[in-house]
Amino acid sequence: MSQPASSSISAESISELTRDTNYGTWRFQKGWKPLHVVDAEGCWFTDDAGKRYLDMSSQLMCVNLGHKNPRVIESIAEQARELPFMGPAYATNARARLSAKLLELLPAGLEKFFFTTSGTDANEAAFKIARMVTGKNKIISRYRSYHGSTAASIAATGDLRRWAMEPAGKGMGFVFAPETNCYKCPIGHTYPGCNIACADYIDHMIRNEGDVAAVLVEPIVGTNGVLIPPPEYLPKLREICDRHSVLLIADEVMTGWGRTGKWFAVDHWNVKPDILTTAKGITSAYVPLGLCATTKKLADYFEDRYFSHGHTYEAHPITLGPAVATIEEMQRLALVERAAEMEPYLRERLEGLKTKHVSIGDVHGIGLFFAVELVKNRTTKEPFNTMRDKVEGKPLVVDQIAAKMMADGVAQQSWVSHFVIAPPLIVTKEELDF
Ligand code: PLP
């Protein structure tokens, strides 16, 4: 590999140099040709040839405000001028202002905060806190879930990416329950006759596993297909957890901050988790921030006990000031309400595609958060590809369609056999039409 001086890298070699020197994540390295992006504004980004792409998945379902919001950009500079860094032992203006905002917006009862730099490490904090407080080890997670990429959070992940941690991951105390998926129920039931058997399954697991500290759910599954639980599911799970004195952890890394038409997905069912984790939309990804929020009751446990956790970059001012600006912008532009208002239009347009293409098996979603499921056959609901195909590097039909859409100027998150449609919450009807 040639080694150009960093000042003399030609525009043409940017993609090549990136590819040669960086890992391409969650993929076979062969064939990775990263697109060289030079600009992004609103719902669009632009490559080095000047071609524009509609960002229909808000990058990784995170740029909820859209690109280049001037107020958030300014807040980064303001925070850098005021106080770029203090360690986590100190109080700062940004930390206090964001904490006050969170008390206002998070589901009631979540009153104690641990700030991290990603969704992954927010979940790591949640697991440690749940285990320290309960003195128990096991955490029930679900298949078709994603909770992050480090040792424990990938072991908590239900999809096959957790294989990277096995067999070591098996020692990490995660056990798996079936996902909620009313389009294709993994335990063979049909809603509403099922009486929410998937929640009863977890009750059964808690009783038979023993040593269960917590149940961990994405209230609406994200990457693995925007799976919306039936309305009774989360309230029933809350009741089951209470009955067994097991904590309920809601991973709202993707679903938080308006994506589903409420501030948080659990708000749709008025369920109060003991721990809520989030990241992404909290800063619209302008700066890297994660959050693990717990009830005061959990936090009180540590009043007279050692809280054995922390990071250098915990509560980093450069992440907290812009989070306040992001939330204020969301409020000023009423984007949570907007996501709810746009839902029927997006649904109607996607349902329209379904009537045109027999390979679309189902369209489901909430707010500005939808999945389009591809199937070989609408009756059997057999997908074109499975997660196993993906981790084994087989070509996926969904990726071929995504490549075609990219050529037509629409960037879209494809995953296994579905698309996750999650445009910035500022998206217009005209952009959705496109
Ligand atoms: N949890 C969920 C539900 C996610 O969707 C993600 C990322 O997509 C994570 C956790 C991990 O967050 P991060 O990529 O910020 O580490």
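Okay, let's start with helix α8, residues 233-243: its buried residues are covered by, among others, α7 (197-209), β7 (212-217) and β8 (247-251). Helices are DSSP runs of H or I, at least four residues, and strands are runs of E, at least two, numbered from the N terminus.

Quick caveats. This is a predicted model, where local features need pLDDT of at least 70, side-chain atom pairs count only at 80 or more, and totals for chains, interfaces and linings use all residues. Numbering runs from 1 along each chain as its sequence is written.

So who's buried in α8? Tyr233, Leu234, Lys236, Leu237, Arg238, Ile240 and Cys241. Buried means 20 or more other C-beta atoms within 10 Å of the residue's own, exposed 12 or fewer, and partly exposed in between, again with C-beta atoms placed from the backbone. Just after α8, Ser245 has a positive phi of about 50°.

Next, α3, residues 70-82. Its buried residues are Val72, Ser75 and Gln79. Down the axis of α3, they fall within an arc of 45°, so they line one face of the helix; that arc is taken from the directions from the axis to the C-beta atoms. They pack against α4 (93-105) and α10 (317-332). On the other side, Pro70, Glu74, Ala77 and Arg81 are exposed.

Last, the ligand. Helix α5 (residues 119-134) gives the most to the shell around the ligand, three residues.

Methods: Two residues are in contact if their C-beta atoms, placed from the backbone, lie within 7 Å.
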